[in-house]
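This report walks through a few parts of one protein chain for a reader who is new to structural description. Please look at the sequence and the structure shown here before reading on.

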There are 2 protein chains.
Amino acid sequence: MCELLRSNFDERYSEVEAILKSAAFIAIDCEFSGLLSSPEHKSSLFDAGWERYVNLKNNVQEFMIMQVGMTAFAYDREGQKYTAYSFSIPIFPRTCSSVDRKFLCQASSFEFLCHYNFDFNKVVYEGVPFLSYELESQLREELKQGILFRHLERTVSMDDERNLQKECSRVAEWAHSAVEGDILKLSSESTRYQSGKLAEYLLLKELRRRFPSVWSYIEDGCVQVKKVSTVNRKCLQDNEEESILQENLVKHFLGFSRIFKLLTELQTPIVGHNLLLDLMLMYNQFYKPLPESYTTFKKDINTLFPTILDTKYISFEAKRIIGRDKLVSNALNNLYEFFKQGPGATLTTPAPGVEFAAEYIPSNLHENFHEAGWDSYCTGFCFIKLAYVFAEKLHGNPEKPMLYKSYTNLELQKAVSHLKNRVNVVRADISFITFDGADPKSERPQWLHVRARQNKYLDSSQVAELLAKCGVVDVKSYSRYQALVAVGNHKTARDILMKFRDNEDFKVSKYNPLKHSRFIRSILWSCTLISGSACIWFALKVLSPKFKM
Amino acid sequence: MCELLRSNFDERYSEVEAILKSAAFIAIDCEFSGLLSSPEHKSSLFDAGWERYVNLKNNVQEFMIMQVGMTAFAYDREGQKYTAYSFSIPIFPRTCSSVDRKFLCQASSFEFLCHYNFDFNKVVYEGVPFLSYELESQLREELKQGILFRHLERTVSMDDERNLQKECSRVAEWAHSAVEGDILKLSSESTRYQSGKLAEYLLLKELRRRFPSVWSYIEDGCVQVKKVSTVNRKCLQDNEEESILQENLVKHFLGFSRIFKLLTELQTPIVGHNLLLDLMLMYNQFYKPLPESYTTFKKDINTLFPTILDTKYISFEAKRIIGRDKLVSNALNNLYEFFKQGPGATLTTPAPGVEFAAEYIPSNLHENFHEAGWDSYCTGFCFIKLAYVFAEKLHGNPEKPMLYKSYTNLELQKAVSHLKNRVNVVRADISFITFDGADPKSERPQWLHVRARQNKYLDSSQVAELLAKCGVVDVKSYSRYQALVAVGNHKTARDILMKFRDNEDFKVSKYNPLKHSRFIRSILWSCTLISGSACIWFALKVLSPKFKM
């Protein structure tokens with residue numbers, strides 16, 4: 001596991017770049033500062049793709065990615081194995097010029113991260129900066145116009161100010177007696193300034209502005225000045241493009257955004273586990289504000305990342321091959337255990353192996369689920385195994401399973417190519433979103449319609465609680481007497497219709513699209529949602545019979 | 001310095017309560033998660049009290065207090081000295097039932113805190129919870145209705161769920177063979193649950209619900225069960241008020257809000273340094289959402305804290321006695337140095353001394369400005385010295401300074417009583433806000449009026465930059481040809497009128513209230529504000545002549 005930190009990012013970037021360029025695919029996982037900005041924005045089985053998008057957009061756009069986990073999987077054709085390069089990257093905004101980002105945090109998300117020993121100090125102190133495309137343009141424009149100097153009292157701390165003053169007066173004294181060719185080394189490195197690269201940039205610029213017979217530059221990571229003739233100075237200035245200094249500064253503040261851009265340029269397949277939110281937050285944070293239009297969002301994501309593979313979605317599909325009884329849970333940790341040492345390991349024995357590159361082997365500290373670096377590795381690992389399952393289905397002979405034949409990376413990628421750009425959606429009308437085309441038709445059962453008998457008032461919470469005994473349901477009440485029910489699966493729907501056929505208080509029937517006007521569909525959007533399953537969670541889970549006295 | 005943490009708060013509360021009850025005054029300082037939600041909400045010399053309030057309210061209401069520093073100063077009449085009890089209290093919201101607070105963070109504020117080695121992990125992991133009055137009512141209501149159990153999947157982690165299950169089945173097995181009077185100790189302490197007290201509460205309630213012949217209770221900080229007869233059980237249940245369990249849970253989640261309430265009940269004088277924002281954020285976080293009306297806010301604060309003393313404001317007033325040449329800076333650290341070892345130390349030699357109580361002596365780690373606990377101590381220290389200055393002015397004989405006579409706490413408080421409930425306002429039309437009455441009249445110079453000559457377009461930024469050479473100004477342009485200028489002090493106003501009398505591009509005159517309608521005042525509210533001083537900050541500060549070649 002390699003930690004990319006604010007203090008080593010610039011220095012390690014070219015190494016990261018080389019690794020990403022040679023990757024067969026790149027797995028990604030993000031940790032967020034929050035998920036749900038308002039309890040009204042709850043997900044439900046009623047949500048179509050666009051509804052879910054709008055809902056999530058309203059929810060998440062103020063939250064922030066605080067950690068990116070990224071594992072590049074390089075394929076070694078000869079060794080028939082993958083080499084994994086895992087990165088754990090804390091992310092935190094930095095102020096620069098007028099850029100001073102705000103972000104929202106949610107108590108429950110922080111509690112969740114605490115359960116997994118998340119290091120918040122590392123995020124704040126060592127978080128790699130980032131700039132959306134918009135903020136990058138803004139910063140470039142401000143540098144061009146010299147506006148940077150107007151926001152100094154915010155950008156540079158008092159200590160930095162004092163240090164900059166000291167350096168300037170040191171040069172003034174030195175320049176007095178120095179002769180042409182003399183060199184003075186200033187700050188040993190930019191880190192002695194709290195505002196780092198920015199203070200360095202300001203110092204370089206300020207020295208050039210003040211001292212016409214001195215040339216300031218960076219060498220061996222430290223600011224140096226050289227006494228030169230005015231002619232020579234002009235010559236040096238003409239040779240150095242003004243923009244190089246600025247470019248270096250912008251690069252520094254771009255931080256993780258450089259990786260984001262590189263990923264969009266490389267167009268290497270991106271693998272994630274249930275990555276809809278990851279995609280939305282990355283878009284919002286590193287690209288531009290989430291668009292109003294769902295179609296625009298899908299199109300943009302498809303342009304940025306033309307090949308996306310979601311192991312959550314793929315593992316649901318794989319259940320049809322492996323069997324629901326064998327592959328029980330699709331949670332990342334369970335999926336990993338399944339393929340690492342469970343029945344899935346035997347099943348996929350001939351699949352290409354995965355080894356960590358030297359110096360990228362995670363420590364115990366990192367081998368934790370919900371540590372983004374580790375999660376991204378597990379995601380990629382599961383992807384290889386899942387792809388193998390599909391390749392075997394495609395090419396293998398079920399009567400003569402060739403237990404020792406493996407597949408190349410290309411064969412694996414091809415075997416799941418019909419599943420690409422489909423991203424899992426939790427508890428919605430559809431089970432996945434399609435990024436390179438129209439969303440699928442819903443496979444959920446028809447909605448159910450509940451009407452109170454004898455014109456009694458219909459208590460929707462009670463209805464939700466009752467129906468939830470049969471399975472996952474969401475209830476939307478739309479009048480004092482009626483409610484609609486979206487049901488998780490066909491078995492639950494059948495059970496409900498059967499079980500509540502003779503209920504005294506209400507009548508349950510299949511929703512009839514002919515009977516229900518567009519009007520009702522439209523008002524449903526603003527209705528109160530009641531999720532039945534959550535209400536009786538405790539009763540169902542804790543009160544299982546074996547504990548009863 | 002005593003750190004009040006989530007893990008020791010409940011246990012130490014009664015000690016804190018006793019200390020606060022015996023305090024002569026209590027100094028407070030807060031650290032925030034952000035300050036400026038939008039750059040449009042910049043403070044300016046144009047702002048009247050209510051304008052500043054509205055402006056700050058829009059700015060800060062989503063931010064959060066992340067650390068409270070609090071020092072109680074007990075007065076020892078015999079020893080003629082104060083004993084200081086300093087507390088450093090990280091603050092962080094906790095989820096409970098439907099309570100799941102969100103808060104905004106700002107990059108620049110976090111950078112500021114980083115400069116002072118702020119420990120963000122301590123805040124998130126060990127932050128003491130809090131509940132506003134509203135959220136407290138909401139939680140109580142939900143407990144009463146048993147709604148708590150509906151939000152379990154959010155409140156209790158998977159690990160906790162498993163642990164609760166285990167405990168329940170352990171009790172089931174034990175109860176099977178246990179005889180009346182048998183006791184079983186369960187979880188050694190609530191901290192073994194990630195959700196702490198909440199899990200403990202759920203366990204107690206669940207055990208009582210499931211096992212009619214078992215009594216669950218807490219003893220020695222651990223959950224225990226006792227096998228009892230059904231009659232005995234009923235008896236125990238009747239004796240224990242149902243609400244005691246709930247009350248303990250609510251108390252736990254109230255956390256710092258218990259201290260806030262205690263402070264409002266005690267009505268002990270509250271001392272702070274430039275504490276307008278502290279008051280606003282405390283109101284918003286621990287009391288209720290900031291009201292629309294400025295008057296309501298002032299009245300509420302005055303009811304909650306009838307005696308507020310602002311050392312920033314008092315030190316400005318003290319300059320008139322001490323002399324502006326002696327007391328140069330009003331920043332807390334400078335003020336502290338002034339009275340601790342500067343000229344102020346000699347001046348206030350007979351003032352009552354201040355000693356830390358044993359076990360409250362700060363470590364080196366805590367003796368840092370911008371560590372809230374330390375800052376609150378320094379604020380209280382400065383308050384005593386400042387009060388002495390006023391007492392000496394009042395009672396002392398200037399011809400025969402009685403260098404060895406000190407004043408009692410009561411005398412000191414009385415000496416500054418005319419300054420109470422006045423809180424400093426930075427860069428506004430007035431220099432302080434009055435909490436127990438009408439705000440003062442402005443003592444700033446009359447606004448200046450700038451009109452372009454020969455109907456040329458007036459470049460307000462340029463005007464601001466030019467005028468700022470004379471001192472602090474804020475410019476609001478309200479037509480293509482005109483702008484108003486609010487000026488920091490009378491000398492600057494005179495200088496501007498003098499210096500720009502013959503300016504070719506524009507004419508500067510005193511603003512004439514008769515010439516300017518109400519209309520102009522009202523449109524000014526929405527005008528773009530340009531602060532002259534910031535634009536040339538760098539030029540003024542860094543380019544001071546001694547560094548020029």
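## Terms and model

Two strands are said to pair if DSSP finds at least two bridges between them, and the strands themselves (E, at least two residues), like the helices (H or I, at least four residues), are DSSP runs numbered from the N terminus.

This is a predicted model, in which local features need pLDDT of at least 70 and side-chain atom pairs count only at pLDDT 80 or more, while totals for chains, interfaces and linings use all residues. Residues are numbered from 1 along each chain as its sequence is written, chains are lettered from A and ligands numbered from 1 in the order in which they are written, and side-chain values use heavy atoms, with hydrogens and water left out.

Between β15(A) and β16(A) lie 4 residues, and the two strands form a hairpin.

Of the 6 residues of β16(A), 6 are buried, where buried means under 20% relative accessible area, exposed over 50% and partly exposed in between (1.4 Å probe, protein chains only). In a regular strand the side chains alternate between the two faces of the sheet. Here Gln482(A), Leu484(A) and Ala486(A) point one way, whereas Ala483(A), Val485(A) and Val487(A) point the other way.

Strand β7(A) pairs with β8(A), residues 222–227, in the antiparallel sense over 6 bridges, and Trp215(A) stands opposite Lys226(A) in β8(A).

## Two helices in contact

The axes of helix α14(A), residues 311–322, and helix α17(A), residues 372–395, come within 10 Å and cross at roughly 35°; axes are lines fitted to C-alpha atoms, for helices over the stretch in contact, and angles run from 0 to 180 degrees between N-to-C directions. Contact means heavy atoms within 4.5 Å, and the residues that meet include Ile314(A) and Ala318(A) from α14(A), and Phe383(A) and Leu386(A) from α17(A).
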